[in-house]
Structure formats: C-alpha cells, structure tokens
Amino acid sequence: MNLAGRILKLFGWTVRVSVPDYPKCIICVAPHTSNWDFIIGKLAYASVRRKAGFLMKDTWFFWPLGCFFRSIGGIPVPRRKRGERPLTDIIVERFEAADRLAIAITPEGTRSRTCEWHTGFLRIAERAQVPIVLAAIDFHTKIAKIERTFEPVGDVDTDMRAIKEYYRPFKGKYPEKFCADE
C-alpha cells in the first residue's frame, strides 16, 4: 500500500476502483460539498497509482498556492468574459494534444447547494471522444469509489438525469449542500 492509501486507511476510508485505467477520461466527481472532497479524491486516485488533473476556480491560483496546484494537475477556471474562448474548447485541445490525460470535474461547480449541474464535462467527453467515469466520495460510509463508466446517450438532459440518479444515494461531508434533484 502506498502513502496515499495509508493516509486514507488511517482515517477510516476505503477506496474501490474497478474501472479500467483509461489513457484519457473525464472523472465526474460528486457530491462536492467541502474542500475535503478534493483531498480525499486526490488521495483515493493516487492510492491506486493513477494521476488526474482537476479544474479549480482561478482565484485559488495565487502565489505560492498556484504553483502547487499546477504541479499536481490543477487547471484554473477563469470567469469567462465576452469574446474569450470557452473552457470546453481549451480542455478538448488538451485532450487532443495529450497521450494520457484524466481530468476530474465536479459538475456541481460549487460547494454550495445547487441542483443546476454544469454540463460542460458531457460536451468535452463527446468532442474529445473520451469516456466518462463516475467517482463518488461518500462521507457517510467513508468510501471513495470509481466503479462505473458512464455511456452517454447523446441527449444532455437525459444523460444528466441518469448521472444525478447515480449520485443520489451518496452523502457529502455536508449532506444539506448536496442536490441531485431535477
């Protein structure tokens, strides 16, 4: 067991990963109710000797924290201004240029309660032709798991309903902040 696995075990966490180690993929992560999700998620993925980048609000990328986040795969997400390229285009280009790339995305996009999940990860996966794996961090059971590859049907509303249904049973650190409703 590596250091990441030992740290999680010390705090009572179990990691279950049964999806293939895809060379390229989007890792859809929920629930996202706390900054602890990031730490547990990074440790869980590292415990199975895999690496993933992640999207994070650009305001976290100040000196010296920005250097640290970039070094562990962080991709700053700026507030989009009129005329700027969409983030989905930038991420698709990263996938096209890379031989190996996994990026974790929280569709909620915030730690606050929201039932309106972002759909960009679905569009990125479709355009970049990469699989979507569903990662859940359940604080109630202390299980971090990636056990399902999601197969989109191509209709964003239908796909998002199915994804939310998958995540509905999981509990975030702050369950009252998690919404998997329509």
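This is a predicted model: local features need pLDDT of at least 70, side-chain atom pairs count only at pLDDT 80 or more; totals for chains, interfaces and linings use all residues.
**Notebook: cysteines and helix α1**

Started with Cys 115, which turns out partly exposed, at a relative accessible area of 23%.

Next I looked for its partner. Cys 115 forms a disulfide with Cys 179, and I get 1.8 Å between the two sulfur atoms. Cys 115 sits in the loop between β5 (101-105) and α5 (120-128), while Cys 179 is in the segment after α6 (156-167), so the bond ties together parts 64 residues apart in sequence.

I counted one disulfide in total. Cys 28 is buried at 0% relative accessibility. I looked up Cys 67 as well and found it partly exposed, at 46%.

Then on to helix α1, residues 3-10. Which of its residues are buried? I find Ala 4, Gly 5 and Leu 8. These three span an arc of only 95° around the axis, which puts them on the same side of α1. That made me recall the helix repeat: with 3.6 residues a turn, residues three or four places apart point the same way. Over on the other side of α1, I have Leu 3, Arg 6, Lys 9 and Leu 10 as exposed. The cover over the buried residues includes β1 (14-17) and α2 (36-47).

Last entry: Gly 12 follows α1, and its phi is positive, near 85°.

Note on methods: Residues are numbered from 1 along each chain as its sequence is written. Side-chain values use heavy atoms; hydrogens and water are left out. A disulfide is a pair of cysteine sulfur atoms within 2.5 Å. Helices (H or I, at least four residues) and strands (E, at least two) are DSSP runs, numbered from the N terminus. Buried means under 20% relative accessible area, exposed over 50%, partly exposed in between (1.4 Å probe, protein chains only). The arc is that of the directions from the helix axis to the C-beta atoms. Contact means heavy atoms within 4.5 Å.
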